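These are my notes from going through a single structure, entry by entry. I wrote down what I looked up and what I found.

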Amino acid sequence: MYTMKEWVGLIIRQAREELGYTQQYVADEIDIDIRTLKKIEEGNSDPYFDTLARLVRMLHISPNIMFYAEWSETGLAMDRMFRQLLHFTPEQTK
């Protein structure tokens, strides 16, 4: 199990890496300093709500998974699957 800060950092880093984004790209896109993003991903920062909201939106993170899933490897797997499901068309889900 992780602490809340560690969990948020892991989810954000996982999503960013899956999308192939650099820390600098994400920081620039959501208008934060790269050092801030690094601290968030390392689990050493409590991000402001607006920063967290921009990260969730940009990186296609499910708020339900981030806030309600178990803070473990199972939760990380759920987060990964969520982003994979976003690529399916309605026809593929029938």
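I keep in mind that the model is a predicted one.

I then turned to the ends of the helix. At the N-terminal end of helix 3 I noted a cap by Asp 33, which places a side-chain oxygen 2.7 Å from the backbone nitrogen of Arg 35. After helix 3 comes Gly 43, for which I recorded a positive phi, near 80°.

**Glu 41**

Is Glu 41 buried or exposed? I count Glu 41 as buried, because its relative accessibility is 4%. Its place is in helix 3, and I looked for a polar partner of its side chain, which turned out to be the side chain of Gln 23, at 2.8 Å. Leaving aside residues up to four places away in sequence, I listed Gly 9, Leu 10, Ile 12, Arg 13, Arg 16 and Gln 23 as the residues that Glu 41 touches.

**The nonpolar core**

For the largest nonpolar core I noted 22 residues, and those with the most contacts inside it are Ile 12, Leu 37, Leu 55, Leu 59, Ile 61 and Met 66. At least two residues of this core are supplied by each of helix 1, helix 2, helix 3, helix 4 and helix 5 (63-68), while the largest share, six residues, comes from helix 1.

I followed up Leu 59, again not counting residues up to four places away in sequence, and found that it touches Ile 12, Ala 15, Arg 16, Leu 19, Tyr 21, Val 26 and Arg 83.

**Aromatic rings**

How many aromatic pairs does a search of the whole structure find? My search of the whole structure returned one aromatic pair. The pair is formed by Tyr 21 and Tyr 25 and is tilted, with 4.9 Å centre to centre and 50° between the planes.

I also checked the accessibility of both partners. Tyr 21 counts as partly exposed because its relative accessibility is 26%, and Tyr 25 is likewise partly exposed, with a relative accessible area of 36%.

Terms used. Residues numbered from 1 in each chain as written. Predicted model: local features only at pLDDT ≥ 70, side-chain atom pairs only at ≥ 80, totals over all residues. Heavy atoms only, no water. Polar contact = N/O pair within 3.5 Å; in protein donor to acceptor, adjacent residues only side chain to side chain. Helix = DSSP H or I, 4+ residues; strand = E, 2+ residues; numbered from the N terminus. Core = buried A, V, L, I, M, F, W, Y, C linked by side-chain atoms within 4.5 Å. Buried < 20%, exposed > 50% of the residue type's maximum accessible area, 1.4 Å probe, protein only. Contact = heavy atoms within 4.5 Å. Phe/Tyr/Trp six-rings, centres within 6.5 Å; stacked < 30°, edge-to-face > 60°.
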